[in-house]
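Visitor: Could you show me the structure, and then take my questions one at a time?

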Amino acid sequence: MSRLMQLEITGHWEHVPGVRVMEFTAPHLARAAQPGQFLHIRCGESSDPLLRRPISIHAVDRQSGRVKIMFQVVGKGTAWLAGRRDGVIDAMGPLGRGFTVHPPAALPESANLIVVGGGIGAAPLYFLLQELARAGLARRVKVLLGARNARQLLITEAARELGYAVRVATDDGSAGYRGLVTALLEEELKPKPGYVYACGPSPMLKALCVMLRDYGVPGEVSVEERMACGVGACLACVCRVRDAGGKETYRHACVDGPVFPAGEVVW
Amino acid sequence: MSRLMQLEITGHWEHVPGVRVMEFTAPHLARAAQPGQFLHIRCGESSDPLLRRPISIHAVDRQSGRVKIMFQVVGKGTAWLAGRRDGVIDAMGPLGRGFTVHPPAALPESANLIVVGGGIGAAPLYFLLQELARAGLARRVKVLLGARNARQLLITEAARELGYAVRVATDDGSAGYRGLVTALLEEELKPKPGYVYACGPSPMLKALCVMLRDYGVPGEVSVEERMACGVGACLACVCRVRDAGGKETYRHACVDGPVFPAGEVVW
Amino acid sequence: MNTAVNLGGIAMKNPVTTASGTFGFGLEYQDYVDLQRLGAITVKGTTLKPRLGNPPPRIVETPSGMLNAIGLQNPGVEQVAEEIMPRLAGLGVPVIVNIAGDTLEDYARVARRLDGVPGVAGLEVNISCPNVKKGGIQFGSDPRTAAEVTRAVKGSTGLPVIIKLSPNVTDMVAMAEAVAEAGADALSMINTLLGMAIDVDRRRPVLGNVTGGLSGPAVRPVAVRAVWQVYRAVALPILGMGGIMTARDALEFILAGATAVAVGTGNFVNPRATLDVVEGIEQYMQNHGFTDINELVGLAQRDGGSC
Amino acid sequence: MNTAVNLGGIAMKNPVTTASGTFGFGLEYQDYVDLQRLGAITVKGTTLKPRLGNPPPRIVETPSGMLNAIGLQNPGVEQVAEEIMPRLAGLGVPVIVNIAGDTLEDYARVARRLDGVPGVAGLEVNISCPNVKKGGIQFGSDPRTAAEVTRAVKGSTGLPVIIKLSPNVTDMVAMAEAVAEAGADALSMINTLLGMAIDVDRRRPVLGNVTGGLSGPAVRPVAVRAVWQVYRAVALPILGMGGIMTARDALEFILAGATAVAVGTGNFVNPRATLDVVEGIEQYMQNHGFTDINELVGLAQRDGGSC
Ligand SMILES: Cc1cc2nc3c(=O)[nH]c(=O)nc-3n(C[C@H](O)[C@H](O)[C@H](O)COP(=O)(O)OP(=O)(O)OC[C@H]3O[C@@H](n4cnc5c(N)ncnc54)[C@H](O)[C@@H]3O)c2cc1C
Ligand SMILES: Cc1cc2nc3c(=O)[nH]c(=O)nc-3n(C[C@H](O)[C@H](O)[C@H](O)COP(=O)(O)OP(=O)(O)OC[C@H]3O[C@@H](n4cnc5c(N)ncnc54)[C@H](O)[C@@H]3O)c2cc1C
Ligand SMILES: Cc1cc2nc3c(=O)[nH]c(=O)nc-3n(C[C@H](O)[C@H](O)[C@H](O)COP(=O)(O)O)c2cc1C
Ligand SMILES: Cc1cc2nc3c(=O)[nH]c(=O)nc-3n(C[C@H](O)[C@H](O)[C@H](O)COP(=O)(O)O)c2cc1C
Ligand code: FES
Ligand code: FES
């Protein structure tokens, strides 16, 4: 069950230029949250900006009840959020269907679990990595992260601290492989099958879904759609999918997603 | 000439509950400002609230270049202003026609200069008192201040520090005379003529103007009208006046006022 | 204190309902709202056959408002009657089903299908969706065709019929008079204003459907004016909506002449907005010494008001 | 880089002017704006005889907008021609005089009086002021009467004539077609949306005139849509306005089909808004590699757009 919460800010800092982390102390939320789920945050007190902004849950510490979000300042909503130093944030959550931490039973034990993040899309993946580790799956996981440049890599160190093997790709080659993170993914998929979790900009997800189809590899992707209600009431946030019968239809990113089976999304 | 200014906040505190003082360092403004003039202040960065808010200049220190405003938190614009701790405030000013510090030449030397303030209307009068003192007129001045209760009296001490004789009236009698400040004014007007400067809520100004007419005493009052442009361009801020020929017409509080000859205003 | 109102035959325990299309089919907000405290629940526009709706993007935020071009996505009247209404009927809250169609016959058939379905307390007829135009039929912009739809629906149901008016017309009063004449039991207003936004970087319309319907606080002044004008001219109860976020907003509509009010876009901003409005109206009545909400309806019209 | 446009015979060095009624008679903002940098100055609505306007309150803020009911306060055409225009004529900036009237004869006489007055570069005909209704004449809501006003004005002046359209109609395209047919040289849109606000504590309308005209960012989506629709249908240049605060806002109008744009309510918020728009458009052209502003006019219409 999701709630309307007044989340107390207990920390807020710049993570890398243009990307910030905000920490709340919210034990109930920490208990309820699943990786891939999001908060729907009111960014202001006036009627402009009007709508809430969806922001993923980035990290959860169930012991201390701490929950973090990581966000990029792109427009007036996130700019407002960036200006909050203390006080409370008005948020609905946790919302949506997140990642399935336990991969499908049919998957061979030997298959890699590959976590692929592009840009700010890495934000929810850290929480996924926390949960994969908790589920004892860490050793099967490969983490692949892409960013524009070395400074914009967001969770590389944090993932390594959790004990993960991380490979990175940057557009300008300032860290790791020079090029797209999907190229790293292809390197992983060529030798052996796997199961992919991904979040990133639409072009990346599209390329990734094509690749998964070509390699016959299953996985799940977290998509971004414009949202109004966040609870399935307004029908704004549609994502085109192919249903079981192969027919194209719409699903709603806020309740049916934001994480969808990679094979279902129609790009 | 008025300007669009980014005024640096160099101080901001609560004066009495619900009323705040904000101080800027703005030498140009300090030099240009006349008592009774106002600033037109943008209260927010988004389009809600949209319009600027007119706030009088409360105090000026030409030496240090410090300028103060004193404002009551009544709605969303002033609430936003109340939340500013540092940074700059976007303001146009100084705007409008203020008080005539030097009373009309025709006035007998013996006549009192009576400064009457009600509620937050006292805010601009402090600057007037600064200027009357500077003009060497202080000893001719009587200051009469009204408020709901003792805690809401705004410039009593400050006026006394400037050397003025101050009498106060409160609705509940918690300080000075119990009742309306206009009753104190009547006590002053009965024995001898005077010249009145007033600012306060409309009902007070209306009663005061009637009294001045009855006693045949001249004066000037600062009125409050809803404003959009603040520069005479939108024609929003009309105040009904009787012109020289006795005909009723409209004047604009932002450019023809906010201070008008008491005898001209039609209530 | 009495807060109960009667909206053209729909008995509401308080004057607050939801605006169609902003509260799904009633259950989506149940984590946030105790539905039984609502005066009524108005559900998404329902058509004869299921509809997929428009391609995304379907919404865009605008200053103090939003544009939507959902395109009447809905599962069709059959599923609404068979699967959805049974889940809502048990709540004991009147459900108003918003209906839409491309032809008079469509409207009539949807209305007939819903007649007698347990839980359905009334129909709200959307003659003015700006996001769906089939065959150029715009029932909502011509008094004659609006009257025809009204008669078609009234002839197909025993339920109270609310006609929802569009603000995108020269003369809302003429529209109201026409549908009143044709037998409407109540009027609701306003539907969204037709608008659009352009993506300056991509140099293309933002919405998949190009144009969309503007809602939210931005449109409130237009909506209050519509209620004010129609209340003076037509003797039907009015369901007012358009930008209601708080009780004070709702009271503007009631004082202008609305018997009941709907919260739409406001739900997205504050999922508890409906209940906050219910509570805020009670508080206002207490503070100002009103004992019956019905005293407030149209009260601002009393002295003068020369529109 | 070319930023010059021709608005139905009015040569503007850049596409930015002021919206009538928000920039007084041109000189009020001169402390803030170097007037010579404007593409044109559009002044307050001018009538045959001086007008006092409506009783206060004349404005009220609304979410991202404002309502005004100024009521065409102005000193009358005689004083505008004799006293005000001489002061503006020296600037070398085209002045567009907005005119209004209660009868066809009024419009014709005002137009005739302004013909040949130095500095007047064109007339903008307000057929749609929501705040003045005399004898129930609403020229702006009926294509026939709108065409008559157009002919009356065109017949009385050699100046370019811009007809200003109201958004408070069912079909703006029909209005635009009618006035185009009647000889208009350009169209401007939108005038304000009819709205109102109620003071919940006093339980009365806020404005002295009860209803007023809604302007500001709140109405921008409606205005952009109007420009988009009319551009597709009518081959006249369009002066777009409604909620423009920034260059990006202005570019929405230009990409939708406006040849020029006017800043109205935006002046009140940012007295330098006009010049910020001028500079921002130049910056955009530079960033996106456009060398002529005219390339941008209607560019968002090019691919698809099925309205
Ligand atoms: C399920 C989900 C999870 C997300 N998680 C994160 C996260 O963890 N960190 C992060 O930085 N960003 C995240 N985003 C993107 C984030 O919602 C947008 O960056 C944010 O809404 C921008 O708001 P703004 O006011 O700053 O920008 P503006 O551009 O001013 O926003 C205008 C409107 O567009 C919408 N919008 C703008 N960008 C996006 C976008 N990329 N996706 C969806 N709607 C958008 C806004 O919500 C708003 O309604 C997520 C988006 C979704 C859908
Ligand atoms: C010339 C002038 C000088 C003023 N000087 C001061 C001062 O020194 N200190 C001070 O506390 N107040 C002063 N006021 C009143 C002040 O402008 C209002 O209190 C303020 O605009 C309220 O804004 P808000 O957003 O907080 O309230 P809201 O009620 O949300 O404002 C809504 C709208 O109404 C207008 N409005 C509300 N109250 C008033 C009012 N009393 N007069 C004019 N417009 C109003 C606002 O400007 C705004 O457009 C002055 C007013 C005028 C006209
Ligand atoms: C996302 C969305 C979907 C809507 N869908 C419908 C609909 O299906 N039928 C209808 O009559 N009105 C629909 N509307 C209009 C609302 O019911 C309401 O008339 C309008 O939004 C104004 O109210 P508001 O400003 O409170 O949202 C929709 C509005 C929104 C925002
Ligand atoms: C205070 C005010 C006065 C106005 N007076 C006039 C007028 O005299 N004649 C006219 O045609 N339009 C008048 N308008 C309408 C504007 O010119 C413009 O069409 C409208 O405000 C929309 O633009 P905006 O949102 O940029 O203000 C007035 C608008 C305002 C806000
Ligand atoms: S955001 Fe409303 S249905 Fe998804
Ligand atoms: S506020 Fe615009 S004329 Fe005074």
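Visitor: How many residue pairs are in polar contact between chain D and chain C?

Guide: This is a predicted model, in which local features need pLDDT of at least 70 and side-chain atom pairs count only at pLDDT 80 or more, while totals for chains, interfaces and linings use all residues. Residues are numbered from 1 along each chain as its sequence is written, chains are lettered from A and ligands numbered from 1 in the order in which they are written, and side-chain values use heavy atoms, with hydrogens and water left out. A polar contact is a pair of N or O atoms within 3.5 Å; within protein, one must be able to donate a hydrogen and the other to accept it, and residues adjacent in sequence count only if both atoms are side-chain atoms. With both residues at pLDDT 80 or more, the count between chain D and chain C is 14 residue pairs.

Visitor: Which residue of chain C forms a salt bridge with D:R248?

Guide: A salt bridge here is a side-chain nitrogen of Lys or Arg within 4 Å of a carboxyl oxygen of Asp or Glu, and the rule finds 2 of them across the interface of chain D and chain C. For D:R248, the closest N and O atoms are 2.9 Å apart, and the partner is C:D201.

Visitor: Is A:C237 buried or exposed?

Guide: A:C237 lies in a loop of chain A, between β13 (219-222) and β14 (238-242), where strands (E, at least two residues) are DSSP runs numbered from the N terminus. Buried means under 20% relative accessible area, exposed over 50%, and partly exposed in between (1.4 Å probe, protein chains only). Because its relative accessibility is 3%, A:C237 counts as buried.

Technical notes
Helix = DSSP H or I, 4+ residues; strand = E, 2+ residues; numbered from the N terminus.
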